[in-house]
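My notes are below, in the order I took them.

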Amino acid sequence: MKRFFCSIFFLLFSFFSAGAEIFDHPLSAATESVFAAVCKTISSHPIQNGEFTQTKTITKLNRNLVSSGTYIISQKDGILWNTQKPFPSVMAVTKSGIIQTNASGKKSKLDAKGNVTFEHLSAVISAVFQGNAEALRKNFTIYFDGTEQNWTTALVPKDTSLRRIIPHILMNGSTGIDSILMAEQSGDSVRYQFKNQAYADSLSEKEKSYFKE
């Protein structure tokens, strides 16, 4: 157990140390074209899918909660998290709310229509995962370094209410997004690691059903 926490600490320390350096590289005329090319690559596919590992770090408890499964990012429908471990569940995040499907197939929805904070947050997070360059420039102060094949970016929300929820977002990638870390005001964080990324032109009927109430 001690070795496990040491490994996690080293992983997070390495990530934050590398992430801290990115704030020395605000987006500039010299890096704008590379940033635009990276966003174009990410956004060029209507549907992205693959495997994810989510690590929720709770600093006060000195604890990491890890879950894993598969994901789908659909520019039309939203983001789908199909968690397989530690417990099976499916969560679809759409513009209007969150639809959850439990292991038995029962659905529940958190309707967020009219909730300005959620709608703003949902739009911003979608822009991050979809590589929407225009929305990213509108909503974030951007820091960027690297090449099209190996890049790092940091996003600081311009909106103060959003910045109180997520002070900044760190992203690393190659031909696509490899990892995303969302810092929280409390000092906690959520990190997503992606692998086996693939692309499709449409969703299957089963995948579509998760986005429906």
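What follows is my notebook on the pockets and the salt bridges.

**Ground rules.** This is a predicted model, so I kept in mind that local features need pLDDT of at least 70 and side-chain atom pairs pLDDT 80 or more, while totals for chains, interfaces and linings use all residues. Residues are numbered from 1 along each chain as its sequence is written, and side-chain values use heavy atoms, with hydrogens and water left out.

**Largest pocket.** I used a 1 Å grid over the protein atoms alone, where a pocket is an open set of points that a 1.4 Å probe fits, with protein on both sides within 12 Å along at least five of seven lines; lining residues have an atom within 4 Å of a point. Volume is the space filled by probe spheres set on the points, which are joined across faces, edges and corners. The largest pocket comes out at about 450 Å³. I found 18 lining residues, with Leu121, Ile125, Ile166, Met182 and Tyr192 nearest the centre. Helix α3 gives the largest share, five residues. Helices (H or I, at least four residues) and strands (E, at least two) are DSSP runs, numbered from the N terminus. The lining splits into 15 nonpolar, two polar and one charged.

**Second largest pocket.** I got a volume of about 250 Å³ here. Of its 16 lining residues, Lys95, Ser122, Ala123, Ser126 and Gln130 lie nearest the centre. Again α3 gives the most, with six residues. The lining has four nonpolar, eight polar and four charged residues.

**Ser122.** Is Ser122 buried or exposed? Ser122 is buried, because its relative accessible area is 9% (buried is under 20%, exposed over 50%, partly exposed in between, with a 1.4 Å probe and protein chains only). Leaving out residues up to four places away in sequence, I see Ser122 touching Val93, Thr94 and Lys95 (heavy atoms within 4.5 Å).

**Salt bridges.** I took a side-chain nitrogen of Lys or Arg within 4 Å of a carboxyl oxygen of Asp or Glu, and the count is five. Arg137 and Glu32 pair up at 2.4 Å, N to O. That pair links helix α4 to helix α2, 105 residues apart. Arg137 is partly exposed at 31%, and Glu32 is partly exposed at 26%. I also noted Glu184 with Lys56, at 2.7 Å between the closest N and O atoms. Here the loop between β10 and β11 is linked to strand β1, 128 residues apart.

Methods
Nonpolar A, V, L, I, M, F, W, Y, C, P; charged D, E, K, R; others polar.
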